[in-house]
Amino acid sequence: AEDSPSPSCGPPSAMTTIGDLPEDVLVELLSLLPARDLLRTCRLVCTQWRYVVDLTTLWKRKCQRDGFYRQSLDRSISDWRIFYLLCHLKRNLIKNPCAEENFQHWTLDHNEGDKWKIEALPGAHGNDLPDPRIHKYFVTSYGPCFKSQLITLKKEGYWNQLMDEKRPEITVKDWYAARSDCGCRYELTVRLLSEDYIVLEEFHPEPVVIEQWSDAKWREISHTFQNYPAGVRHILFQHGGHDTQYWAGWYGIRVTNSSLTIGPQT
């Protein structure tokens, strides 16, 4: 009969549970799941699953899948799970860095002279940025103009124990430029703050004064916080300045493409 089994078929095999799979197969399967599910659900299923979820090979496999793995990192990474989580979380924590959403997400701490303004690149007597994806910038006036963002780390997914025990690198970058026809002044302050907003560490370089008739090129400033004190819960980013010739209008420092990232420099 058509429905009869083929003579070559052997007896039905015994049912196999997922727990019977070889460890390397289980690692491969579980590595396909989101980290959140692995840590909050799978790890609690049984002793075997907890053991597999805690394996270095599983997290290294996830790093390979998501493009975070480099062979040169093998000797320098002590905890591949934390490395994966930091890479997965990593993004620019500064919102609206390039003025695409007007002044949304920014607090205008000082807004004097003719106040902050947004202009399109390259702007009068200006230049484009090296990155062609940047189209706008914020520009200051003849009175002090400073704006800031306060980042609360827990809201961004960085839990207290991670910040206190692992102290992941915190990298801040900012781009600034002058008009060629007017002098100006640029300042940047980044503060690592405790739960109660006490300053634990600060990056506040000397203000940059650009003379009239400069090349008007965009320049990047960068700083990485390492081995900072425990207890960092917020980060304050503030920048701005003014022109040095007190001309009405918007002849002061221009800023854009600000960034603040946490995690390994992959």
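Q: What percentage of the 266 residues of the chain count as buried?

A: Buried means under 20% relative accessible area; exposed means over 50%, and partly exposed lies in between (1.4 Å probe, protein chains only). Here 42% of the 266 residues are buried. The model is predicted: local features need pLDDT of at least 70, side-chain atom pairs count only at pLDDT 80 or more, and totals for chains, interfaces and linings use all residues. Residues are numbered from 1 along each chain as its sequence is written, and side-chain values use heavy atoms, with hydrogens and water left out.

Q: What radius of gyration does the chain have?

A: The radius is taken over C-alpha atoms, and the globule rule is 2.2 Å times the number of residues to the power 0.38. A compact globule of 266 residues would come near 18 Å, but this chain has 26 Å. Its C-alpha atoms fill a box of roughly 95 × 50 × 35 Å along the principal axes.

Q: Into which domains is the chain divided?

A: Domain bounds come from an automatic or database domain assignment. Domain 1 covers 23–87 and domain 2 covers 107–262. Their centres, taken over C-alpha atoms, are 36 Å apart.

Q: How many residues of domain 1 are in contact with domain 2?

A: Contact means heavy atoms within 4.5 Å. Four residues of domain 1 touch six residues of domain 2 in this sense. Across the chain, of the contacts with a separation of 6 or more, 76% join residues 24 or more positions apart.
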